[in-house]
Amino acid sequence: MKKFKKDFIFSTSTCSYQIEGGRLEGGRTHSNWDKFTIDNFHIPPEGSTEREINSISVAANYYEKYQLDADIMKEMGVNGFAYNLDWARIFPNDSGIANEEGLDFYENAFKSLINNGIKPIPILYHWDTPLWLEEKGGTSSRVFLEAFRDLAKVLFKRLGKYTDIWFVSDENSSYTVQGYLDDYCPPGKKDEKEFWKAIYYLSISGAIAKEEFDKAIKLNYIQENSLLGIDHDWNPPVPYDKDDKDDIEACEKFNEYNLDLFLDPNLLGTFPDCFWNAIKKLDLDEIIIENDIEILKNNKLDLIGWNYYRPAIIAHPKRLNEQIQWQNKPSTFIGNEFVIVFPKNYRYTKWNWLIMPEHLSIGAHVLWNKYDKPLMILENGLGYFDKKEDGIVADDYRIEYLSEHLREVQKAISEGVNFIGYSAWTYCDIFSPSGGYRKKYGFVGVDFENSNLGRYPKSSMYWYKDVIKNLTTTNLEHIDYKKFSNDAKLSLKSRKDLWNK
């Protein structure tokens, strides 16, 4: 397989409401996620995979520890950090006036990254809507569009000089399904009409951001040849029975709802048939203003971010009538045209997420061939019940998982896919919407039991450092787990400036 190019981006990713804290500091006001975690606070029994909904008021306190975290990232060797900017920190109210304290915070955080050789990779929106905007209708209302334009304008002007890669939004699929067809996440509306409206306005907001992005380039706020992308959490479909015509057709329908619906508007300038059918069925024609479609067609995005964790095993609904023992309960979607199933005898994580790394390279070819846009993995990681011993976490299981997936990135590159980067989820342990603070994803541990929220190393951090340093397949195929545990222990002793703060 080909070596990674020297300008390949090896990054980590995280999300402001999951790491940042400082939720009422620096002029910030509440968002829909603040309200959701306060209203639904729940701590399950220790060791349970039942959902934990904990406080995010402090989280991992990146708000105060951003300089330390940049220093640790330098020690890790990464050259990128993907991070969504907190809208409620930039616009804490509907006055239209940006909060200088919030902008100063992000500018200082960006400078700390740049000074450590790390490219900031900002994401404008990741599920976290200011409460004042949510109360006006949020993402399922046209009011969202002009508010989003204001956000984009301000951030491109103030922070554009620090980076050449931006993303409009992150995981619109999970956000709209879980927040508009269900109450798993805010706004929890459980309303099919609101679901389709949110998809529409999120798509138009991407084109609006691109319009402002190009203006910012002309005004020299953003350097030429910069890229603005969209990040999507597509699960490549795999037919339950690869020889069954109905299961194969169910996969095609799955892709219409889960790939075409969320990427076609911003990459091709068009909506798929399922969108227009839903608009007609639900009598939602009034949401579409003629100029919207022109904006969409004229402002296509440049880059695909992809959050790959697992494929989806897809079956025709007839399978629900068959006597099959599933690993987990099957789930359906609007129209019941396909079913997501969980067969036994597959590999799963502790949270019943499939482990099938080979579908990363398979799916990469689908995205590359369909859209002809450069790709970047923006999330890929393993949630686990980590245990700290002797001051570190020896997370061999995470190294194995990430090695398998990074090898598939390299395989896709060797086969001609234009991958420009890989960003692992996540830099440090954070609040997880599905597992609170007990579900650990980080390369770096956080002592959530201590008010100081100290950081500590994991073996995987030094594995990642070794991979980045060597830029070869060596450490993806022959892994000396003991070496990386020893590196973490050595660092704990020698880098007290990092681990004792």
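Ser403 lies in helix α14; helices here are DSSP runs of H or I with at least four residues, strands are E runs of at least two, and both are numbered from the N terminus. At 1% relative accessibility, Ser403 counts as buried. Buried means under 20% relative accessible area, exposed means over 50%, and partly exposed is in between, with a 1.4 Å probe and protein chains only. The side chain of Ser403 makes a polar contact of 3.3 Å with that of Trp463. By polar contact I mean a pair of N or O atoms within 3.5 Å; within protein, one must be able to donate a hydrogen and the other to accept it, and residues adjacent in sequence count only if both atoms are side-chain atoms.

A word on the source. This is a predicted model, where local features need pLDDT of at least 70 and side-chain atom pairs count only at pLDDT 80 or more, while totals for chains, interfaces and linings use all residues. Residues are numbered from 1 along each chain as its sequence is written, and side-chain values use heavy atoms, with hydrogens and water left out.

Stay on α14. Arg407 also lies in this helix. Is Arg407 buried or partly exposed? Partly exposed, at a relative accessible area of 24%. Leaving aside residues up to four places away in sequence, Arg407 touches Met1, Leu476 and Glu477. Contact means heavy atoms within 4.5 Å. Met1 is 406 residues from Arg407 along the chain, and their C-alpha atoms are separated by 9.1 Å.

Next, the helix partner. Helix α13, residues 358-371, packs with α14, residues 396-414, at an angle of about 30 degrees, and the axes are 7 Å apart. Axes are lines fitted to C-alpha atoms, for helices over the stretch in contact, and angles run from 0 to 180 degrees between N-to-C directions. On the α13 side, the contact uses Glu358, Leu360, Ser361 and Ala364. On the α14 side, His405, Glu408, Val409, Lys411 and Ala412 take part. By class, that contact has four nonpolar, two polar and three charged residues. Nonpolar covers Ala, Val, Leu, Ile, Met, Phe, Trp, Tyr, Cys and Pro; charged covers Asp, Glu, Lys and Arg; the others, Gly among them, are polar.

Now the barrel. Eight strands close in the order β1-β2-β3-β4-β5-β7-β11-β12, with parallel pairing. Two strands pair if DSSP finds at least two bridges between them. From one strand to the next, the twist averages 25 degrees. Helix α13 packs on this sheet, touching β7, β11 and β12 (419-425), and its direction makes about 155 degrees with that of β7.

Look at β7. Why is this strand largely enclosed by the rest of the structure? Because five of the five residues, 303-307, are buried. Leu303, Gly305 and Asn307 point one way; Ile304 and Trp306 point the other. In a regular strand the side chains alternate between the two faces of the sheet.

What pairs with β7? Trp306 is the bridge partner of His232. Strand β11, residues 375-379, also pairs parallel with β7 over four bridges. There, Asn307 stands opposite Glu379.

Ile123 has Phe167 of β4 as its bridge partner.
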